[in-house]
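Welcome, and please open your viewer. We will walk through this model one selection at a time.

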Amino acid sequence: MAFHIYFLRRLLFVVPLLFGITIMAFLIANAVPADPVTANLPQNALNDENLVQAFREKWGLDQPLHVQYLTYIGNLLQGDMGRSIKTGRPVIDDIKQFLPATMELATLSIVIGLFLGVGVGIISAVYRNSLIDYVSRIFSLIGVSFPVFVLALIGLAVLYAQLGIVAGPGRLGFRTADPPLVTGFFTVDALLAGDLKTFQEAFSHIILPAFILGSYVAGTIARVTRSSLLEVLGMDYMRTARAKGLGERRVLWHGVRNALIPVVTIIGLSYGNLLAGTVLTESIFAWPGIGRYMFRASTSQDFPAIMGVSMLIAIIYIVVNFVVDMLYFFLDPRIRGEGR
Amino acid sequence: MTTASNAKVAGLPPELGPSRLQLWLRAISFQLRKNPLITLGILIVLGWFLVSLFAPLVATAEPLAQNVTNRLLTPGTTVELSDGSSFTYHMGTDELGRDIFSRVVYGGRITIPAGLAVIIIGSLLGTVIGAIAGYAGGLWDELLMRISELFLAFPTIILALAVTAALGPDLNNAILALVVVWWPTYARLVRSLVLEIKSQEFVEAARSIGASNRYILFRTILPNAIAPAIVLATLDIGNAILTFAGLSFLGLGAEPSSPEWGRMVAIGIDFFDQWWMWLYPGLAIASLVMAFNFIGDGLRDVADPRTRNG
Amino acid sequence: MKLARRLRLLIMIAVFVVSVAMVAAQDEAVLVIGHAESTDSLDPARGYTQTTGIVNRAAYETLVTFPDQDASEILPLLATDWTISEDGTEYTFTLRDGVTFASGNSLTADDVVFTIQRLQNVQGNPSFLASNIESVVANEDGTVTFTLAAARPAFLAELTNNAFSITDAATVMENGGTDAADAAETDAAEVYLNSTSAGTGPYMLESWEPQVETVLVKNPNYWGDEPYYDRVIITNIAEAATQKIALEAGDIDLALDLTRDQVATLEGNENLTVYSGPSVYTHFLLMNADPELGGPVSDPTVQLAIRYALDYEGYKALWGGVTPPTNLTVGLVAAYGEDKAFTRDLDRARELLSEAGYADGFDITLSYPDFTWQGVNMNTNAQKIQADLAEVGINVTLNPGELQVSLEEYRNGDQGFAYWFWGPDILDPIDVISFLPGGKVASERANWMPENAPAEINDLIAQASVETDQAARVELFAQLQDYLQESGAFAPFINPAVQAAYRSDLQGFVYHPQWTLDVAILSLGE
């Protein structure tokens, strides 16, 4: 199959999905029971019929639901997600402010999870059923069994409060100015600015939450790597490779490359989950990210914000998976109709 | 699915050869002997079941009884009671002077049924939807699968947050929210299994002798699709309990005074120094989830022979 | 050659910039405050939260003010002098000379008129404070005259509120502001005032990043004494435990919202000073007088029984502070002290319940917001209320609501049995009228109407709203409080203490009941 046909075919799936997501986000946001008028107008303004009416008109609350939805979609296509009722700013601006913090955390978590998970997975598979295999499997099982908020509290209590090895909540010390904005990732921006001190501080703040989130991803990745590598190692072409007299190390490398294909999927899935799963972590680590913004929005019936964020995360999730599908095309010969 | 090939090899309707269930049970008992972690997991789960069942006998105090003069006591503190006897707080007391040990003991009565309810209702709902989609095919299949994709595109906690926000925070609503999040995985698994089984000889055979749709779906297809769904469910219990704990951590579970583990950990954010207030309920969640994960991991080996030894 | 020269120049500039930056960084005195931000707006006419109070106290000034530490008297600030007409409805203020705004503009009577009219017309959260002002006029001699609809004994106390912060009319108008009658629709200065201030205070707002931080810098044009700190950063730390950790680590200088249990563990730390003092917030139960909503708790006998059933000493053990005798904040009026407060009497409570026909108790749902205010976790109190009332046979189901949802029900008067807290809008005894029949909380939220009260009580309320003589006021409010204790739809149970902690060399910290904190009076000792 040619790439462009594959690409278009997958894209055809994505477009209706995106539309479905806007509908669902809209329905969820509108299912919230409180009246946004009472929640957001000051008390004395509530007694004024004109003000209440003006507010309803401003947010289109006086229209039937499907009209509200169409208005929303119309604006969305022009890049306008509406204005957050709570912060009074365009939702898109709020997202621009809070998303980089979450993405930085999620990205570093994935990197940590990838290195840890693939490493442990390979060792487990190569030394299958050895002590090291059992120990690493048991540890990863125990690791993924701890609620993230419990691990976060233990991590803070031991590594921060007791030992002082890592920094505490927040992205930077309260006295340190943000590095000049380039990517929005403080560690990267600090390096770009050549500011080692800020980099060190940012790194020391992000490492604990990233490690905690990363260890979850690592557990899954290790498991997939191990089983996938075991499968690959048992396959005919590996035997052929061995029979051809390739060194054991070359054989293993050959195997690992093929075994990592399913890992790509896991990374795609995990990244989307991480973006959302940081709600709990961000609340403990005072991380000014999208998770905390979403939680605040959902507790104040700020539905333009709820819709914006849940849609954004769902879209990122779909796009990441779309990219993973595209990668698969190059990684997995079976899709191209080659191989088997 | 390698499992499907067993029946194919036998070349017989499942009633005549060893049934899938029997094959599974054999594999499980084999694993049980091979994998001590499964046994450990089962023992821990059994332990929690018993502790929860006999909570009034295990607990040393009423889980709701408050005593503000004895608040925030460290674990192991013994106090003199007015009648001259003494009482030991094994795990200390919380901000209202309640005995944490007794609360942890009673906590299993909320979390275990909640986790099981999510899995059972979620997997049943998913199985039914998946079976319909797979069997009916065509437009129904498309529609149901697109809807399940939509649900999957929203990350678990965001969707659950939104649903509980809409329904109001309450134990039943938290379970309902998780069911909403849970069913699509099962629907997709069962659908793929049904599609696979549908095309097999014994189904064709049943159809050719004029069996009704209902008979085919419920008597021949579903029994063969159910085992993988059960494995997935077992693997999933730990995950369901974790997510439920996350929701109650955010204050969206049972009533505030109830000894719910996630909620008990949440108060630890305010009482960071009083580690016993959040560590013990946290360990309770972890041990239970770990036990289910041990069992699930062993079962996965049954389901996925690639990782099996050999 | 050319390249080398350019390079050298570049390096020199770089070195210069870096060293200037370093010098600036070293010389700047910076104060970092950890605080659970509640800012709704920094526009004085729109913001009405605790954080707004702290920021605008630094960036703006009012005509009159309270002393640094309490609300015991009215002091001049932007007004040096004032006269009150015989009938108590006309106040004329003489403005201080030589006061300039941060912009350099001079303060005039027109700025005062603009400020008041804008406050009234934008219909913001605090606008109700100005609803009794009929007109404001700039006189030819530079003074300003306020005309009130009726005599108002608490008027000067109201003027101390930061909603009455005098703003720079020219600057605000340049940035979309207006004081016209339709200002609620047309005023567009909020965005500007959320990023910059336009006041006469010792500081200027440099930036506000919602839920992240608020930065104040010195106002170079300030008329009064220069404050100590060049820069004040109020960083948002929502969780009290995190504030405490950050303080111990030296990341912040001052933690504003600690709990009582946290400061207890700080007591031994000699690098830190702990502050614990009374707050003006009263936590209370609301028992709806409408039988349809309140059910059994609408019965005055049951209401009294519940007041006897609460474990007042227990709440003090939890939060410190004092037991309020009524919803009138302790210390505002000499008549009623903590000695008049209820003490728990379970037998009396049971007796009253059987008198009301509930010898076997009853089931009821308690609604409240899932919220922590100034270190007081309402969930904890609700659980204690549940346990307290269980002892007299009242079986309470807890119904915590998300703050906005619960607030909506409360404001609409839909809650039958509820737990809320109240901070006075005005630091004056007159605030208690909100809790008497016809008052805001009593009528709108508890459906406790004037017709539910005897005529003589309604007369007393009417007198108390206008009486200005101190002795007569004490007498009136004492009688009203007697009535509230016996028949109120409310059961106030704790005025919790507020806790803060700061590095030991920080000087001048005072917790003010009105504006919480005045950063301009803080300094660093040796």
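Our first term is pLDDT, the predictor's confidence in each residue, from 0 to 100. This is a predicted model, where local features need pLDDT of at least 70, side-chain atom pairs count only at pLDDT 80 or more, and totals for chains, interfaces and linings use all residues. Residues are numbered from 1 along each chain as its sequence is written, while chains are lettered from A and ligands numbered from 1 in the order in which they are written.

**Stop one: chain A.** Color chain A by confidence: its mean pLDDT is 80, and 86% of its residues reach 70 or more. Helices here are DSSP runs (H or I, at least four residues), numbered from the N terminus. Where in chain A is confidence lowest? Select helix 3 (residues 43–46) of chain A, with a mean of 54; confidence is highest in helix 6 (residues 91–126) of chain A, at 90.

**Stop two: chain B against chain A.** Now select the place where 35 residues of chain B are in contact with 38 residues of chain A (contact: C-beta atoms, placed from the backbone, within 7 Å). Which helix of chain B gives the largest share of this side? Highlight helix 12 of chain B, which supplies ten residues. Among the other elements giving two or more residues are helix 6 (138–153) and helix 10 (213–249) of chain B.

**Stop three: C:Ile306.** Finally, click on C:Ile306. Not counting residues up to four places away in sequence, C:Ile306 touches C:Leu285, C:Met287, C:Val297, C:Leu389 and C:Ala491.

Technical notes. Two residues are in contact if their C-beta atoms, placed from the backbone, lie within 7 Å.
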